[in-house]
Amino acid sequence: MDNFEYALENYCSAEYMEDSKRNVHPTPHTHEKYEMYFLHSGNRDVFIDNEMFSLTENCLAIIPPLCYHKVEGGAFQRTNLSFHKIILSKSQSAYVDTLVEDKALIIGEKYLSLIRTLLNEACEVKASSVSIELKNERIAQITRTVLLFLSMQSNKPIPPASTGKKPQRDRKNTSSEMLRIAQYINNNYMHKITLDDICKKFLISKTALNVKFRDVMQTTVVDYLLGVRLNRAVYLLNHTRRSVEEISQACGFSSANYFGLIFKKKMGRPPSSFHRRKPGKRKKTTKTAN
């Protein structure tokens with residue numbers, strides 16, 4: 001099934017969460033939908049692709065499909081609106097693209113109370129006992145209305161955390177240093193990358209690299225690199241007609257066989273199950289007598 005052929009109950013959703021735990025999604029992960037992460041209260045650090053954004057009350061992060069991200073921080077209250085572009089008009093789809101470029105915003109005050117009310121309503125609809133069809137229709141309407149209100153007011157982009165070139169010993173600069181390493185991996189996953197290569201480039205010992213990267217990213221360098229490669233592979237399998245061998249090479253895997261083995265192990269099914277069919281003649285079917 002292509003990514004464009006979605007089951008009805010999967011094209012939009014809403015979720016409210018509040019938690020006093022420090023970390024809920026500390027490990028980088030992806031989703032198949034666009035995600036609008038609205039923070040009602042608290043402080044959260046959101047890592048999107050290769051940048052970190054600090055969110056406070058009434059801030060919004062916009063995360064596109066199959067984009068590596070993670071969230072961490074203290075106690076919080078948040079609402080997620082998740083959706084596929086299939087529910088949007090052409091102009092709304094274009095507006096979402098501009099939001100994705102900003103990645104994180106401080107929501108303007110003009111329609112803030114209305115946006116918060118709509119988000120609460122979306123979660124109430126999600127938790128109600130009405131049919132899936134009615135839930136999706138109403139949440140889709142709410143999502144479009146939230147986007148409309150966002151587009152009708154001024155929202156302030158949140159600058160990403162600094163990734164300055166001079167790492168220091170405090171936690172903030174350690175995070176910046178590890179973000180630069182994550183950015184390097186994101187930009188070079190298609191090439192052969194070893195721990196020694198990273199250590200040499202960023203003037204850091206292998207022990208310090210492993211400890212600091214796990215502390216900041218909640219995963220190892222090796223697992224992060226593999227995740228980036230697999231995430232890109234899923235995108236290419238779903239959105240291009242390139243062969244599995246071509247995709248394995250484009251994503252930095254040493255061979256198509258290794259790619260197939262590790263892909264099935266991590267994703268639970270082989271690359272061919274994601275792959276878009278190449279154009280060609282349809283197979284003839286023979287009719288059988290009843």
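How close do the axes of α7 and α9 come, and at what angle do they cross? I looked that up first. The two axes come within 11 Å and cross at roughly 95°; for axes I took lines fitted to C-alpha atoms, for helices over the stretch in contact, with angles from 0 to 180 degrees between N-to-C directions. So α7 and α9 are roughly perpendicular to each other (65 to 115 degrees; under 35 is roughly parallel, over 145 roughly antiparallel, the rest oblique).

Which residues make the contact? From α7 I noted Leu226, Leu230, Ala233, Val234 and Leu237, and from α9 Phe259, Ile262, Phe263, Lys266 and Met267. Contact here is heavy atoms within 4.5 Å. By class I get nine nonpolar residues, one charged and no polar (Ala, Val, Leu, Ile, Met, Phe, Trp, Tyr, Cys and Pro are nonpolar, Asp, Glu, Lys and Arg charged, the others, Gly among them, polar).

Ground rules for my notes. This is a predicted model, with residues numbered from 1 along each chain as its sequence is written. Local features need pLDDT of at least 70 and side-chain atom pairs 80 or more, while totals for chains, interfaces and linings use all residues, and side-chain values use heavy atoms, leaving out hydrogens and water.

Next, α9 by itself. I checked its length: the 12 residues, 256-267, should span 16 Å at 1.5 Å a residue, and the end C-alpha atoms are 16 Å apart, which agrees (the expected span is 1.5 Å times one less than the number of residues). Its buried residues are Phe259, Gly260, Ile262 and Phe263, where buried means under 20% relative accessible area, with a 1.4 Å probe and protein chains only. What covers them includes α7 (221-239) and α8 (244-250).

Then Phe202. I placed this residue in helix α5, residues 195-202. Phe202 counts as buried because its relative accessibility is 10%. Leaving out residues up to four places away in sequence, Phe202 touches Glu177, Arg180, Ile181 and Tyr184. Phe202 and Arg180 are 22 residues apart in sequence and 9.0 Å apart in space, C-alpha to C-alpha.

Last, the whole protein. I have nine helices and eight strands (DSSP runs numbered from the N terminus: H or I of at least four residues, E of at least two). Of the 290 residues, 46% count as buried. Among contacts with a separation of 6 or more, 72% come from residues 24 or more positions apart.

Terms used:
Buried means under 20% relative accessible area, exposed over 50%, partly exposed in between (1.4 Å probe, protein chains only).
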